[in-house]
Amino acid sequence: MSIQVKMPNCLRSCDPASRPCPPPLFPRMMQNTVKKVEGAEGSAISMVLQNKNILLGVSGGIAAYKAAELVRLLVKAGATVRAVMTKNAQEFMTPLTLQSLSGNPVSTDTFDLTQESEIGHIRLADTADLVLIAPATANILAKIAHGIADDLLSTLLLVTRAPVIIAPAMNVHMYAHPATQENLKTLQRFGHHIIEPAEGELACGYEGKGRLAEPEQIVECVEATLTKKDLQGEHVIVTAGPNCEPIDPVRFITNRSTGKMGFALARIAHQRGAEVTLVSGPTALVAPFGVRLCSVRTALEMQQAVLAHYPRATIVVSAAAIADYRPAQTATQKIKKKDGDFSIPLARNPDILAGLGQDKGSRLLVGFATETEDVLHNAERKLHSKNLDMIVANDVTQEGAGFAGDTNIVTLLDRTGQQEPLPLMSKDAVAHAVYDRLLALKISP
Ligand code: CTP
């Protein structure tokens with residue numbers, strides 16, 4: 001029986017040249033280098049937000065309660081958060097909640113003498129590395145778009161020179177109203193970045209677009225804005241996750257990959273300014289913000305999706321745990337058990353990365369060597385046999401490395417013979433290290 005190659009979603013729904021990504025980042029972007037610091041457990045984590053001053057403006061909508069989670073995530077990522085609440089926002093949540101979570105006083109009034117003497121609205125705006133308005137109501141959007149400064153938050157927005165991110169949340173009809181849409185266009189013209197609200201069930205009982213984007217996505221956007229854009233102009237293909245090779249309609253062969261490393265590589269490439277196509281096997285992960293996701297199941301589908309985008313790619317990072325074999329035949333009906341043992345003949349899948357290596361041109365190719373023994377030797381062999389520029393050697397037997405976790409321990413080996421062992425670090429930090437080394441390779445081939 002022949003194997004049916006299902007067309008991956010991305011090939012059915014999007015042309016490889018199109019890019020369903022958010023608008024470009026701010027022209028007056030604050031740039032910073034990504035540092036790796038030793039954390040409490042000796043783990044190095046990506047610190048884009050470390051010591052950054054984030055001014056969080058909370059306006060009065062039901063989604064104001066989500067500001068608490070936002071503050072928690074920003075503080076966890078190392079940022080100093082100063083919250084400003086409008087009068088209406090305080091109807092939904094008390095300043096004390098955000099004060100407790102941020103560890104900083106919450107500003108509520110332009111003319112409060114205590115607050116003025118302690119902070120001063122000019123200083124508050126001047127010291128911010130980034131201003132985030134979440135949730136942003138139709139009212140605050142209208143005020144910012146028209147330069148109205150009748151309370152502390154709207155005044156700050158006229159004063160600040162920092163990048164501004166706005167995450168609207170409101171009733172579906174308010175969002176769709178031409179006045180709101182015109183105001184959003186004006187704000188984009190100002191260079192402000194809008195995080196579109198999500199669709200779904202709204203607090204007002206309506207269904208539709210108007211729900212505040214998820215706090216994790218908002219934080220990703222904040223990180224992206226404050227990350228240097230040294231991958232701008234690159235088109236990065238990342239493969240991630242496992243393959244599922246069907247045996248019959250109810251069974252398949254797979255592996256333990258969760259896709260976390262590949263998703264981190266895609267997210268960080270996007271944050272550093274690249275156009276990113278993420279070709280992923282089945283995972284439980286949410287697609288990173290601004291990344292084109294092609295969902296596939298089998299190795300053959302993965303190969304087809306990668307090849308479709310390959311002509312435009314400048315970098316390929318193959319982090320997927322690609323199945324080397326598939327059942328030679330997929331049964332159309334569930335296979336019934338019989339007496340005695342049973343074996344499944346397997347057919348070889350193509351080596352996708354090795355194939356790309358034979359038609360490399362000026363692209364940079366990165367592989368992952370998932371090993372349980374003889375790690376560096378095996379990785380080096382794969383680096384050369386697949387014609388790669390770099391391979392990330394991953395000893396999955398070490399604690400804190402490999403599948404499922406948020407950390408990894410890897411050694412980077414490149415085509416010049418350099419080996420860089422990295423300590424236990426977050427998968428985001430590993431992704432940064434991979435791109436740092438790739439860029440260094442580009443400059444001094
Ligand atoms: N890879 C690939 N196609 C395959 C198998 C692997 O493109 N059929 C890629 C992986 O995504 C990874 C690199 O090749 O970047 C090395 O994969 P790995 O599983 O470590 O090694 P294999 O080449 O499959 O060799 P072995 O299974 O013998 O270790």
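Trainee: Which residue just after α4 takes a positive phi?

Mentor: The model is predicted; local features need pLDDT of at least 70, side-chain atom pairs count only at pLDDT 80 or more, and totals for chains, interfaces and linings use all residues. Residues are numbered from 1 along each chain as its sequence is written. Helices (H or I, at least four residues) and strands (E, at least two) are DSSP runs, numbered from the N terminus. Just after α4, a positive phi of about 75 degrees is taken by Gly 103.

Trainee: Why do the buried residues of α4 line one face of the helix?

Mentor: A residue is buried if 20 or more other C-beta atoms, placed from the backbone, lie within 10 Å of its own, exposed if 12 or fewer, and partly exposed in between. In helix α4 (residues 95-102), Leu 98, Leu 101 and Ser 102 are buried. Seen down the axis of α4, these buried residues line one face because they fall within an arc (that of the directions from the helix axis to the C-beta atoms) of 90 degrees.

Trainee: Which residues are exposed on the other side of α4, and against what do its buried residues pack?

Mentor: On the other side, Leu 96 and Ser 100 are exposed. The buried residues of α4 pack against α2 (66-76) and β4 (80-85).

Trainee: At what angle do α7 and α8 pack, and which residues make the contact?

Mentor: Axes are lines fitted to C-alpha atoms, for helices over the stretch in contact, and angles run from 0 to 180 degrees between N-to-C directions. Helix α7 (residues 138-146) and helix α8 (residues 152-159) pack at about 35 degrees, with their axes 10 Å apart. Two residues are in contact if their C-beta atoms, placed from the backbone, lie within 7 Å. The contact is made by Ile 140, Lys 143 and Ile 144 of α7 with Leu 153, Ser 154 and Leu 157 of α8.

Trainee: Which element gives the most to the shell around the ligand?

Mentor: The ligand is surrounded by 15 residues (C-beta atom, placed from the backbone, within 6 Å), and the closest are Ser 318, Ile 322, Ile 352, Leu 353 and Gly 367. At least two residues of the shell come from each of α14 (352-357) and β18 (364-371). With four residues, the element that gives the most is β18.

Trainee: How many helices and strands does the protein have?

Mentor: Of the 445 residues in the protein, 46% are buried. The count is 16 helices and 23 strands.
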